[in-house]
Amino acid sequence: MHVVVIDNSKASMAKIIHLLESMYLIADVKGFTDSKEACDFLKSHQVDVVITEMLLDEQNGLQLVEKLKGENPRLHIALMSHTDAYALDAYQAHADGYLLKPMDEDKLWELVEYASGKVSYS
């Protein structure tokens, strides 16, 4: 699977990428601190999963979920935050998951397994 992580904290993003790279289902991981750059990348690359921070630079994570799901309904997207205050909003925006920081490796693995069962490689 191909994963994109969007997080305005480089340190947090590096930890998440490190966890993802250790999972055998993951082919590659690309990280972005800028949501616009991530969106540009997503337009020209096949990506299976996006894990994005709730509070971003130009838009919030909910807006990003709605935009990306509108462009590719099969894309799996999980929001992450330091608080669970946005969890209900995330599911109402059709996010596939909501992860709390600091990242729990087991919860991240559950998200990857869930996405891998729905990803089509045709």
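Helices and strands here are DSSP runs, numbered from the N terminus. With that in hand, let's walk through this predicted model, taking one region at a time.

The backbone here deserves a look: phi of His94 is near 75 degrees, a positive value in a residue other than glycine. Most residues other than glycine have a negative phi, and most peptide bonds are trans. His94 also counts as exposed, because its relative accessible area is 60% and the cut-off for that label is over 50%.

Follow the chain onward and you come to the loop between strand E5 (97-100) and H5, where Pro102 is placed. What kind of peptide bond joins Lys101 and Pro102? The bond is cis, with omega at about -5 degrees.

Helix H5 itself covers residues 105-118, and Glu113 is part of this helix. On the surface, Glu113 gathers with Asp104, Glu105, Asp106 and Glu110 in a patch of negative charge. Is Glu113 buried or exposed, or does it fall in between? The relative accessibility of Glu113 is 40%, so Glu113 counts as partly exposed.

Now turn to helix H1, made of residues 10-21, where you will find Ser12. Ser12 has a relative accessible area of 17% and is therefore buried, since buried means under 20%. Its side chain has a partner, too: a polar contact of 2.8 Å links the side chains of Ser12 and Asp7.

Lys15 belongs to helix H1 as well, but here the label is exposed, because Lys15 has a relative accessible area of 61%. How far apart in space are Lys15 and Val112? From C-alpha to C-alpha the separation is 16 Å, while in sequence these two residues are 97 residues apart.

Tyr86 lies between strand E4 (76-81) and helix H4 (87-92). With a relative accessibility of 27%, Tyr86 counts as partly exposed, because that value falls between the buried limit of 20% and the exposed limit of 50%.

Notes
Residues numbered from 1 in each chain as written. Predicted model: local features only at pLDDT ≥ 70, side-chain atom pairs only at ≥ 80, totals over all residues. Heavy atoms only, no water. Patch = residues over 30% accessible without salt bridge, like charges linked within 9 Å, V, L, I, M, F, W, Y side chains within 5 Å. Areas by Shrake-Rupley, 256 points an atom, 1.4 Å probe, with all protein chains shown as cover. Salt bridge = Lys/Arg side-chain N within 4 Å of Asp/Glu carboxyl O. Lys, Arg positive; Asp, Glu negative; His and termini not counted. Charge placed at Lys NZ, Arg CZ, Asp CG, Glu CD. Helix = DSSP H or I, 4+ residues; strand = E, 2+ residues; numbered from the N terminus. Buried < 20%, exposed > 50% of the residue type's maximum accessible area, 1.4 Å probe, protein only. Polar contact = N/O pair within 3.5 Å; in protein donor to acceptor, adjacent residues only side chain to side chain.
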